[in-house]
Amino acid sequence: MAGNAENFGAPIDPPRLAHALLAVSAGATDKAALIGDLEEEFGQRVRTSPRAARAWYWRQAYSSLPHLLLERMRTERMRRLGLAALAVLAGFIFISLWEIFVARNAARGFAGLSGTPSFLAVRIVYLAAQMFGVAAAGGAIAALIFQREETFLHNAVRRLAPAAIVMFLPWIIATLNPADTYPLSFRLVWLALAAPSLVGGAWLVRKWLSRRAP
Amino acid sequence: MRKAKNLGEFEIIVLAALIRLGTDAYGVSIRQEIESRTGRAVSVGALYSTLSRLEEKNYVASRMGDATAERGGRAKRHYIIKAEGEAQLEKSVFALGKMLKGIKAWPETLKTLARL
């Protein structure tokens, strides 16, 4: 910790939580240099105003987190986890749109077939189309993350990533909510199919992109 | 090798800062140079992720310096722009200049830039 600035004789260190967040988020390659930079500048600022220096350190920490996490997802082992979280968000958006525009109309349209063998076929096609859409959504996110050039969409995804990670757990909890209108068994089957579809779609696109690169 | 694309705005700014700072370019000096010249707050995370991307594209090189007490015993990472980075920066700025040439929308800004 910095500790080179004095206030009433006691060394003042950067905020511990902010420091820990940065240490956890930064990749192994840049961690020492990045933390060292912040410590050096904190030491300069704390001489003028310890309170302002701590606020500055916090601002640096929270504005750096999305960049550091996304960079690690792109370059390190965390990429699979991050990719899965982002793919789940894409799937969530897709399923929400599906529920609004397709599910209700399909239920009305095929109501006459209920209980017949054709109805089972319709359900299988319906589920397959849904999973294909989920996989495509995961693939689209992967394409945006792993393309190297900076584009508007790429930057937008980088900024949305923290929200995607935060939304991952509530979505799972909402899916398992007993008050949901679908039977629990159906929702569990749906989750078991949707998760591999999402990550599978993302993985396929990632593989395709890496083949294109030399 | 993939076809090099024009640089993003922040990449241009970072590469220009590296040229300005020469051998003294490291995290703190780059950040302060950008903030003082552009008035734009730069997070250390944004800076390091951009530098990492530029290094991956072979536009900059880095080396570890000595550890100092004021940095809690942590070493500085010094950055330097490579010839490929300079060439790409020139190409991107040239493309931008061609797009801006003849535009009369911001006469005061262009006059100020010409004076700098």
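Reply: The model is predicted, with pLDDT of at least 70 needed for local features and 80 or more for side-chain atom pairs, while totals for chains, interfaces and linings use all residues. B:Leu96, B:Met99, B:Leu100, B:Ile103, B:Trp106, B:Leu110 and B:Leu113 make a nonpolar surface patch of about 660 Å².

Me: What makes a group of residues a nonpolar patch?
Reply: Its members have over 30% relative accessible area (Shrake-Rupley method, 1.4 Å probe, only the protein chains shown counting as cover) and no salt bridge, and nonpolar side chains (Val, Leu, Ile, Met, Phe, Trp, Tyr) are joined within 5 Å. α4(B) gives the largest share, three residues, and B:Trp106 lies in the loop between α4 and α5 of chain B; helices are DSSP runs (H or I, at least four residues), numbered from the N terminus.

Me: Why is the pair A:Glu40 and B:Arg71 called a salt bridge?
Reply: The rule asks for a side-chain nitrogen of Lys or Arg within 4 Å of a carboxyl oxygen of Asp or Glu. The closest N and O atoms of A:Glu40 and B:Arg71 are 2.8 Å apart, so the pair qualifies. Between chain A and chain B the count is four salt bridges.

Me: Which helix gives the most to the side of chain A that touches chain B?
Reply: α2(A) does, with 12 residues. The contact (heavy atoms within 4.5 Å) takes 32 residues from chain A and 29 residues from chain B.

Reply: Side-chain values use heavy atoms, without hydrogens and water, and residues are numbered from 1 along each chain, the chains being lettered from A in the order written.

Note on methods. Helix = DSSP H or I, 4+ residues; strand = E, 2+ residues; numbered from the N terminus. Patch = residues over 30% accessible without salt bridge, like charges linked within 9 Å, V, L, I, M, F, W, Y side chains within 5 Å.
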